[in-house]
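Keep the 3D view open while you read.

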Amino acid sequence: MHVAFFLLLGASLARFLLRHPWEARSPWIIALCGALAALYLLGPVLGTRATPRRIAWLCTVVAVWVVLVVLAPSFAWCAVPLFYTGLRTLPHKAAFGLVALLTAFVVFAQVQLSHGGWDPNLIVAPPAVAAIATGVFVHADRQAARQRALIDDLIRTRRELAAIERREGTLAERQRLSMEIHDTLAQGLSSQQMLLQAADRTWDTDPATARRHVRTAESIAERNLAEARRFVHDLAPADLAEGGGLEQALRGLAARESAEFRVDGTPVPLPDRAQSALLRIAQGALANIREHAAATSAALTLTYLDDQVVLDVADDGSGFDPSAARDGGGVRGHGLPAMRVRAQQLGGTLTVESTPGEGTVLSAAIPLAPPVEARP
């Protein structure tokens with residue numbers, strides 16, 4: 001619009017000078033033309049909002065243009081860029097009034113240029129041009145408003161999604177910590193409680209056994225302290241942090257729990273997350289055996305297959321009804337659900353086979369990552 005205004009202004013001045021080589025009004029026309037160009041250049045500096053200074057500027061530009069059109073009708077079509085300037089600056093009703101005023105002066109100028117000859121286009125064309133310009137502007141303004149509303153909705157939706165993701169992350173972290181605490185600290189504290197109670201019962205009758213229970217409770221407390229420090233630093237389980245890998249960690253866990261341990265298949269490197277999950281599952285399973293099963297023996301078996309690694313934990317204890325455990329009836333704590341979540345997070349499964357009075361076999365299967373084919 002700015003470029004169009006100055007092109008129309010220059011063309012109108014050239015037309016006037018060609019039609020009227022020099023007249024008494026020519027200096028005034030040239031001076032008003034220069035003043036109008038200078039005033040129009042100030043418009044972008046004042047912005048586009050309907051501030052008092054902007055409105056005063058627009059009124060001055062229109063007044064100079066009106067005087068110029070009265071003196072030289074050739075400048076009438078400079079009104080078209082002024083249509084858009086008024087529509088952008090003023091409220092709709094005031095802008096439509098300004099467009100009507102400018103159109104009336106354009107019609108007046110066209111009639112003056114016709115030198116008394118009658119042509120319907122002189123009356124119809126300026127209002128048609130004004131209507132088209134106004135319609136285009138109003139349509140574009142509405143489209144821009146819809147786009148701004150859509151962008152605002154997208155920004156608001158993105159913020160809401162970010163907030164939901166933060167909440168989900170917080171809940172996932174809480175669940176992870178609850179499983180970590182249940183599988184380590186809570187189970188360790190439960191073991192210490194049982195050992196200290198046993199030591200208290202045998203303190204007078206069998207001091208050697210009581211001291212052995214106390215020493216075992218002290219060892220468990222030391223390991224729980226190491227686990228708590230690992231939680232603070234968000235590191236791997238203490239058994240894995242010692243650097244021996246999953247097999248050594250499971251072997252040490254089985255020794256502490258008086259359980260058997262066996263490895264089948266060809267060992268392959270496992271991701272840290274898989275090692276940590278399998279160790280936590282083994283800890284939780286052995287803790288459940290110690291606390292609930294009343295078993296005389298337990299066994300851990302780590303099996304490496306072609307596409308997965310399987311951890312089996314078996315005992316000869318009292319057993320239970322797995323369907324009741326899934327429904328939450330008669331089973332306290334978070335052991336089995338936490339183990340199942342750990343396996344599912346790695347794309348694996350957790351199955352439990354048990355019958356009351358006949359022991360339990362818990363099996364956790366974690367898929368192995370497919371091997372990457374070597375490129376030729």
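Phenylalanine 5 has a relative accessibility of 0%, so this residue counts as buried (buried means under 20% relative accessible area, exposed over 50%, partly exposed in between, with a 1.4 Å probe and protein chains only). Phenylalanine 6 is partly exposed, at 31%.

A quick word on the ground rules: this is a predicted model, where local features need pLDDT of at least 70, side-chain atom pairs count only at pLDDT 80 or more, and totals for chains, interfaces and linings use all residues. Residues are numbered from 1 along each chain as its sequence is written, and side-chain values use heavy atoms, with hydrogens and water left out.

**Rings that pair up**

A pair of aromatic rings is described by the distance of the centres and the angle of the planes. Here, rings of Phe, Tyr and Trp (its six-membered ring) pair if their centres lie within 6.5 Å; planes under 30 degrees apart count as stacked, over 60 as edge-to-face and the rest as tilted. The structure has six aromatic pairs, and here are two of them:

| Pair | Centre to centre | Angle between planes | Type |
|---|---|---|---|
| Phenylalanine 5 and phenylalanine 6 | 5.5 Å | 80 degrees | edge-to-face |
| Tryptophan 65 and phenylalanine 105 | 6.2 Å | 70 degrees | edge-to-face |

Why does the pair of tryptophan 65 and phenylalanine 105 tie together parts that are 40 residues apart in sequence? Because tryptophan 65 sits in helix α3 (residues 52–71) and phenylalanine 105 in helix α5 (residues 92–113). Helices (H or I, at least four residues) and strands (E, at least two) are DSSP runs, numbered from the N terminus. Ring pairs also link Phe5, Phe6, Tyr40 and Trp57 into a cluster.

**Around tryptophan 65**

A polar atom of the tryptophan 65 side chain lies 3.0 Å from the backbone oxygen of phenylalanine 75.

**What the record says**

An unreviewed UniProt entry annotates residues 29–48, 55–84, 90–109 and 121–140 as "transmembrane region"; such annotations may be inferred rather than shown by experiment. In the model, residues 55–84 are 77% helix and 0% strand, with end C-alpha atoms 14 Å apart. Residues 90–109 are 90% helix and 0% strand, and their end C-alpha atoms lie 25 Å apart.

**A stop in helix α6**

Glutamine 192 lies in helix α6 (residues 120–202). At 14% relative accessibility, glutamine 192 counts as buried. Leaving aside neighbours within four places in sequence, its contacts are Ala217, Ile220, Ala221 and Asn224.

**The sheet**

Strands of a sheet pair through backbone hydrogen bonds, either parallel or antiparallel. In this model, two strands pair if DSSP finds at least two bridges between them. Five strands make an open sheet in the order β1-β2-β3-β5-β4, with mixed pairing. Its edge strands, β1 (260–264) and β4 (349–354), each pair on one side only. Strands β4 and β5 (residues 360–367) run antiparallel and are joined by six bridges, with valine 352 standing opposite leucine 362 in β5.

Technical notes:
Contact means heavy atoms within 4.5 Å. A polar contact is a pair of N or O atoms within 3.5 Å; within protein, one must be able to donate a hydrogen and the other to accept it, and residues adjacent in sequence count only if both atoms are side-chain atoms.
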